[in-house]
Amino acid sequence: MTTLTAGSVAAVQRRTRTVLMIGQVLAGLGMGATLSIGAILAAEISGSPAFSGMAATMVTLGAALAAIPLARLARRAGRAPALATGALTAATGAVIAIISAGAQSFALLLLGIALIGSGTAVNLQSRFAAVDLASVSTRGRDLSLVVWATTVGAVSGPNLIGPGETLGAYLGLPDLSGPFLFTVVAQSLAAVLYLVGLRPDPLRVAAAWQAEQERATRDEAERTGSAPPTPTIAVDDQPGIRLAMLSIALSHATMVSVMAMTPVHLTAHGASLVIVGFTISLHIAGMYALSPVFGILADRVGRRTTIALGQGMLAASLLMTGFGAESEGWVVAGLIFLGLGWSASTVAGSALLTESARPDRRPIVQGRSDLVMSASGALGGALAGVALALLGYSGLSFLTMALVATVVVALAVTRRARSRPFPSPSTPAEAKNVRPANRG
């Protein structure tokens, strides 16, 4: 790799952020439709609404199974190969889902949806790729901008259910399988984009830039005859990592549990697929549209404060869907707040996680967090179907409040472990002058 400068590193960061944002748009186009139609298709093929939650379960389980392998691939070969591999796996899963609809095979459908879950793992890893070269004071903002880019595709995705069905019927595909075509095309295009656009690879540039800075520091110390500065941080901030992982995982489980059951609840009460798609679109808009606001808040008022704000919005959402289960208006409002709470907690939690881990261990720690997050969502989705069958939509909402309460308690009892985050690639001058992000 050629000699790096602050300007060249900044240029790579801008290019990386742009590529990741376009990739998120493409991924959202496919995933939004898949999540909506998957639950309905699962209920139809299995013959029981109790199994409708298996769609969300398998998506999140697939994401969980892909998290560590993709993180290890990123650490070994870079972000681009890891993201492209996950996207191609998701495209393959969509093809299998189409085949399962024709064969009326529930097992094959679950396999296809699990492979589609790799696309979710790619989305999660993309937000971390966005901060490989970000400065300490803008981590939350840069991360949230990539999360925000998902809005365009994700909001449009559920509204592609109708056109997808029309296209599927024109091509002679089985009922309810047409929307998966968008996943095939979008994920394939995203894979090509990552392989071509992420050059040079941001993770490798970050490692090279950090090594170059360390050499410059040692050379300066030798030139002046002074002792090289001793790193002030040598270990992971374990309390910060645990709090971040807990808040991300349980917020995701809360979101998946209620969101996955909403299409089933609405259709059982006579709502059309258009209404279902509109509701999920607004929910996904809540998840992503305001993420830059939460990223800026996380940088300015603190990671923990923003996580607390997210939990407050999740609690408000569950009260709306719990007490207003029979009203489409209250369900829509609840789903919007559900997305907003997830966004605040996930953006702030991801920033806290990144700066709590040593730079050399970040990809693995991030992969483990994605594993726990996706596994929690899978379990939540699986239990949500049973809870819906036994307790109804209101009962599910009130039961899920326990997850929010757990995060609130963790916030209350977790003390701040350190006042400064780990440094990120920056110029020596920036490192001296930058104000550390408020993590409180």
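Which residues of the largest nonpolar core touch the most other members? They are Leu41, Leu109, Phe180, Met255, Leu338 and Tyr393, in a core of 59 residues.

## Basis of the model

This is a predicted model, in which local features need pLDDT of at least 70 and side-chain atom pairs count only at pLDDT 80 or more, while totals for chains, interfaces and linings use all residues. Residues are numbered from 1 along each chain as its sequence is written, and side-chain values use heavy atoms, with hydrogens and water left out.

The predictor's confidence in each residue is given as pLDDT, from 0 to 100. The protein chain has a mean pLDDT of 83, and 88% of its residues reach 70 or more. Confidence is highest in helix 12 (residues 303-323), at a mean of 95, and lowest in helix 15 (residues 428-433), at 41. Over residues 426-437 pLDDT stays under 50, and the model has 18 contacts beyond four places in sequence for them.

## Overall architecture

The protein chain holds 15 helices and zero strands. Helices (H or I, at least four residues) and strands (E, at least two) are DSSP runs, numbered from the N terminus. Of the contacts in the chain with a separation of 6 or more, 85% are between residues 24 or more positions apart; a contact means heavy atoms within 4.5 Å.

Of the 440 residues, 57% are buried. Buried means under 20% relative accessible area, exposed over 50%, and partly exposed in between (1.4 Å probe, protein chains only). The accessible surface of the chain comes to about 16900 Å², and 67% of this area belongs to carbon and sulfur atoms. Accessible areas come from the Shrake-Rupley method with a 1.4 Å probe; for residues, only the protein chains shown count as cover.

## Nonpolar cores

A nonpolar core is a set of buried Ala, Val, Leu, Ile, Met, Phe, Trp, Tyr and Cys residues joined through side-chain atoms within 4.5 Å. To the largest core, of 59 residues, helix 9 (residues 238-268) gives the most, with nine residues. Apart from this core lies another, of 19 residues, among them Leu26, Ala80, Val146 and Ala191.

Beyond four places in sequence, Leu338 touches Thr254, Met255, Val258, Met259, His283, Leu314 and Ser317.

Ile113 lies in helix 4 and is buried, because its relative accessible area is 1%. Its contacts, leaving aside neighbours within four places in sequence, are Gly38, Ala55, Met58 and Val59.

Asp142 is found in helix 5 (residues 139-156). This residue is also buried, with a relative accessible area of 2%. Beyond four places in sequence, Asp142 touches Gln13, Arg17, Ala130, Val131 and Ala134.

## Loops and surface

Gln104 is placed in the loop between helix 3 (79-103) and helix 4 (106-129). Although not a glycine, Gln104 has a positive phi of about 55°; at 45% relative accessibility, this residue counts as partly exposed. Pro200 is in the loop between helix 7 (180-197) and helix 8 (202-224), and the peptide bond from Arg199 to Pro200 is cis, with omega near 0°.

Val386, in helix 14 (residues 362-413), counts as partly exposed because its relative accessibility is 42%.
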